[in-house]
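Visitor: I am new to this structure and would like to learn how to read its pockets and cores. Could we go through them together?

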Amino acid sequence: LERSLGQLFIDTETMSGTNQYYCDGCCRKVDATKGCRLKKLPDILAFALLRFQYDFRKGERFKVVTRHTFPMELDMNPYYDGSESPENAFELFSVVVHRGSTHGGHYFAYIRDIDGLGRWTHPDESEVEVVTTSSSGKNDVIDFNSPIDLMKSLVEQSGGGPVAVDRLCKSLQEQTGVSWNKRFRRNYGPVLKFFKEASDVFIIHKS
């Protein structure tokens with residue numbers, strides 16, 4: 001990243017010979033040096049990489065996949081020539097990544113955990129446990145319309161201890177013939193969100 005910025009805002013081009021600069025004040029062509037500098041910096045600085053290009057020989061677009069490195073802290077003073085002298089050091093906060101080709105794909109992001117919320121855990125890696133067990137036998141989960149009663153029954157069928165979320169979802173699919181997304185997601189949201197909101201019934205363990 002620093003090398004790219006240097007090419008844009010530090011390196012200069014000498015205009016001489018047949019490429020002289022026309023000076024309006026002098027009304028003639030003169031030797032000159034051309035360059036670009038930043039006069040003002042934003043509070044939040046974002047860079048977009050031009051990763052999609054066009055191959056005129058092949059007549060098709062292609063994605064540039066060469067390595068592009070960037071620092072955790074970036075000093076913009078070498079590229080800045082403004083009258084103000086604010087703090088021009090920027091800390092990396094987020095990186096947006098495109099996965100796919102020029103014809104399709106999706107974006108995901110890495111974001112700094114500045115609030116100290118802890119390590120993110122994939123829902124499939126979480127385990128759910130029932131706070132209290134009120135029944136001792138197996139229940140006919142197919143007849144349950146309440147997701148709390150249904151999921152509580154599935155946990156109890158597994159012994160009442162911690163059960164992986166993906167295992168619960170698989171058991172739900174096998175015993176009811178319908179997945180969580182098709183049966184409950186519209187009214188109760190993603191399954192992990194449902195367990196978090198029903199914290200008085202379920203305990204979520206991060207593994």
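Visitor: How do the residues of the lining of the largest pocket divide into nonpolar, polar and charged?

Guide: This is a predicted model, where local features need pLDDT of at least 70 and side-chain atom pairs count only at pLDDT 80 or more, while totals for chains, interfaces and linings use all residues. Residues are numbered from 1 along each chain as its sequence is written, and side-chain values use heavy atoms, with hydrogens and water left out. A pocket is an open set of points on a 1 Å grid over the protein atoms alone, where a 1.4 Å probe fits, with protein on both sides within 12 Å along at least five of seven lines, and its lining residues have an atom within 4 Å of a point. Here the lining divides into 22 nonpolar, four polar and five charged residues.

Visitor: Which residues lie nearest the centre of the largest pocket?

Guide: They are Phe 47, Leu 49, Ser 94, Val 95 and Val 96, out of 31 lining residues. Strand S9 (94–101), a DSSP run of E with at least two residues, gives the most to this lining, with five residues.

Visitor: What lines the second largest pocket?

Guide: Its lining includes Leu 1, Arg 3, Leu 49 and His 68, and by class it has four nonpolar, five polar and three charged residues.

Visitor: Which residues touch the most other members of the largest nonpolar core?

Guide: A nonpolar core is a set of buried (under 20% relative accessible area, 1.4 Å probe, protein chains only) Ala, Val, Leu, Ile, Met, Phe, Trp, Tyr and Cys residues joined through side-chain atoms within 4.5 Å. Of the 17 residues in this one, they are Met 151, Trp 180, Phe 195 and Phe 202.

Technical notes
Buried means under 20% relative accessible area, exposed over 50%, partly exposed in between (1.4 Å probe, protein chains only). Helices (H or I, at least four residues) and strands (E, at least two) are DSSP runs, numbered from the N terminus. Ala, Val, Leu, Ile, Met, Phe, Trp, Tyr, Cys and Pro count as nonpolar, Asp, Glu, Lys and Arg as charged, and the others, Gly among them, as polar.
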